[in-house]
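Here are my notes for you to read alongside the model. Please keep the 3D view open and look up each residue as you go.

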Amino acid sequence: MPMDRDRIRDIALKHALVNAVKFNGKASMNAVISKVFAEDPSLRSMAKEVAQIVKEVVDYVNSLSLDEQRNLLMSRWPEALGERRVESYRKGIEDLPPLPNDSKYEVITLRFAPNPDFVLHLGSARPAIINYAYKLKYEGLGRKAKFILRFEDTDPRTKRPLPEAYDAIKEDLRWLGIKWDEEYVQSDRMGIYYDIAKKIIERGGAYVAAKDTECTPDDWKRSKATGKPCRNRDADPSINLELFDRMLEGRYGEGEAIMVIKTDLQHPDPSVRDWVAMRIIDTTKYPHPRVGSKYIVWPTYNFSVSVDDHLMGITHILRAQEHSVNTVKQSFIFKHMGWEQPEAIHFGRLKIVGMTLSKTKLKSLGIKWDDIRLPTLAGLRNRGIQPEAIWNVILQVGVKPTDATISSANLFAENRKIIEPRANRYMAVIDPVKVIIEGITEELTAKLPMHPSYPERGFRTITLKPVDDKVMVFIGRSDYDKAGVGSVIRLMELINIEVASKGEGQLIARVHSRDLESARRVNAPIIQWVPPNGLPIRVLRPEDLKLIEDAGLAEPAVEQVANGEVVQFMRYGFVKRVGHDRFIYVHD
């Protein structure tokens, strides 16, 4: 099997950066090699070659400043910093209002319960972040707190789980820095739901409507509409237990029998009246991706959630306002079983202008969920959005009961605050145009800082050697379009030129002056440029659901940018390197 040097270099770079940040800027060769072999034991058979790659990577990492190491690690592998990242949003966590009746619980227990029929997006990240933030808040106050991850996958027909979504959701949560104390999958707990269903029936809190009885599913529907109970509702529990057993034995087909929770048939909201707790799904037609056709009787959302919230000791449920009616429906389970219902906190709906958050719409697009055009966490991660930015936006919205509206610009603004100090600066030009500068008799050298605010990161130089008293550079098409004959332009950190002639796809210029002050006196624009040996680049730029490719040239130093690293192309925007010549546009 051939050696994948780029992959080994990436693994080594991650562990070298983690080790260097942990030990004051100096990575240990032995420690990094151990981590590389631990991550991929198959590399031990190529130990000599791997050791040479690791040495090169460690030497490179140790040549960086501690700030550069930390910034590179945060741009590539933010999850590797673990809990340290929480400090950046500690203020937002502390500002969360206290949970109701928090003093009466020994352990504050919260949960995030996604349906794995799709991956997480910016909207579904909200309950995950809010619930986990409260765990951190109470732990910070010296209280015991627990965070549970629960996959709610009991509808293989209309909300069919995706096999790959379980792990994808966990990857999204880890990227956000969220760690769960316990993990459950509802399709593994079917026996528990059956046992509780029988207990509720025994207590007279539920009944079965079946096709061969005096209370058919159609009779049940009419009873909800009229408020008049159908026959089985008040039958002896033993009769309904027998009917439920028939459901479990497969004597009924889909739609022929249901188990119903007794509520209030006079309730003003018809959806609350005697709602379905168990129904039959033909899993030969709609097999569950984890348990296949093993079960045909499946609990509804409100039944399984009520049972699990009690058995898992959930004390507080934080969820969107549209679930308020579910809180009412679930209260009947708690009353029938004599359980204490958790505290429910409902926050307003989150609308994000410029982004579609409907799972149905996102799935209908036929675009892979990690596409950079989508507001999925995987898409945002691939685009270059940092997890801290998502935390900051969600914590700013908070848990207010009123609806909140933000825009993608809000998210980008938060992200900009995070990546601006980390991202090194480089020159790149889109749709390059040639500029010939005449009258140059000696070398021209530009000294450019890696970051204008952090001189300790160092500089790079670009030298232009004249040929026949001329040098050539490239500028972007937009700057070429604005240039007129006689106009003065400052080439960033190099020289001021005056346009002598303008042809199709080319400028001829001569030296006007050399210093910045001279350029300012004539209001000359300062533009980026690239020497003739620039690196050809392609930048994929999302625009709504379109993907635009910008082709251009970047200065040679861009070769040093690591895959996955976010940098800034000056006067263009922040970009993330994803290949030798490929970049993704993050935002301006």
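1. Let's begin with E39, which is partly exposed at a relative accessible area of 39%. On this scale, buried means under 20% relative accessible area, exposed means over 50%, and partly exposed is in between, using a 1.4 Å probe and protein chains only. The side chain of E39 meets that of K14 in a salt bridge, with 3.1 Å from N to O. A salt bridge here is a side-chain nitrogen of Lys or Arg within 4 Å of a carboxyl oxygen of Asp or Glu. K14 lies in helix α1 (residues 5-22) and E39 in helix α2 (residues 29-39), so the pair ties together parts that are 25 residues apart in sequence. K14 itself counts as buried, at 18% relative accessibility.

2. Before going further, please note that this is a predicted model, in which local features need pLDDT of at least 70 and side-chain atom pairs count only at pLDDT 80 or more, while totals for chains, interfaces and linings use all residues. Residues are numbered from 1 along each chain as its sequence is written, and side-chain values use heavy atoms, with hydrogens and water left out. Helices (H or I, at least four residues) and strands (E, at least two) are DSSP runs, numbered from the N terminus.

3. How many salt bridges are there by this rule? The count comes to 46. Side chains of opposite charge can pair when their charged atoms come close. D219 and R222 form one of these pairs, their closest N and O atoms being 2.4 Å apart. Both residues lie in helix α9 (residues 217-226), 3 residues apart, or about one turn of the helix. R222 counts as partly exposed, at 49% relative accessibility.

4. Compare that with D550, which is buried, having a relative accessible area of 10%. D550 forms a salt bridge with R541, and the closest N and O atoms are 2.8 Å apart. Elsewhere, salt bridges that share partners join R111, R150, E152, R189, D308 and D309 into one network.

5. Now find two helices that pack together: α6 (residues 125-140) and α15 (residues 387-397) have axes 10 Å apart and an angle of about 80 degrees. Axes are lines fitted to C-alpha atoms, for helices over the stretch in contact, and angles run from 0 to 180 degrees between N-to-C directions. That makes α6 roughly perpendicular to α15, a label for angles of 65 to 115 degrees; under 35 counts as roughly parallel, over 145 as roughly antiparallel and the rest as oblique. Contact means heavy atoms within 4.5 Å. From α6, the contact is made by R126, I129, I130, Y132, A133 and L136, and from α15 by I390, W391, I394, L395 and V397.

6. In what order do the 3 strands of the open sheet lie? The order is β1-β2-β3, and the pairing is parallel. Two strands pair if DSSP finds at least two bridges between them. At the edges are β1 (107-112) and β3 (182-185), each pairing on one side only. The twist averages 25 degrees from one strand to the next. Between β1 and β2 (residues 144-151) there are 6 bridges, and F112 stands opposite L149 in β2. Helix α7 (residues 165-175) packs on this sheet and touches β1, β2 and β3; its direction makes about 150 degrees with that of β2.

7. Strands of a sheet pair through backbone hydrogen bonds, either parallel or antiparallel. For the antiparallel sense, look at β18 (residues 488-491) and β19 (residues 495-503), which pair over 4 bridges. I489 has I497 in β19 as its bridge partner. These strands form a hairpin with 3 residues between them, and E493 in the turn has a positive phi of about 60 degrees.

8. V499 has A509 in β20 as its bridge partner.
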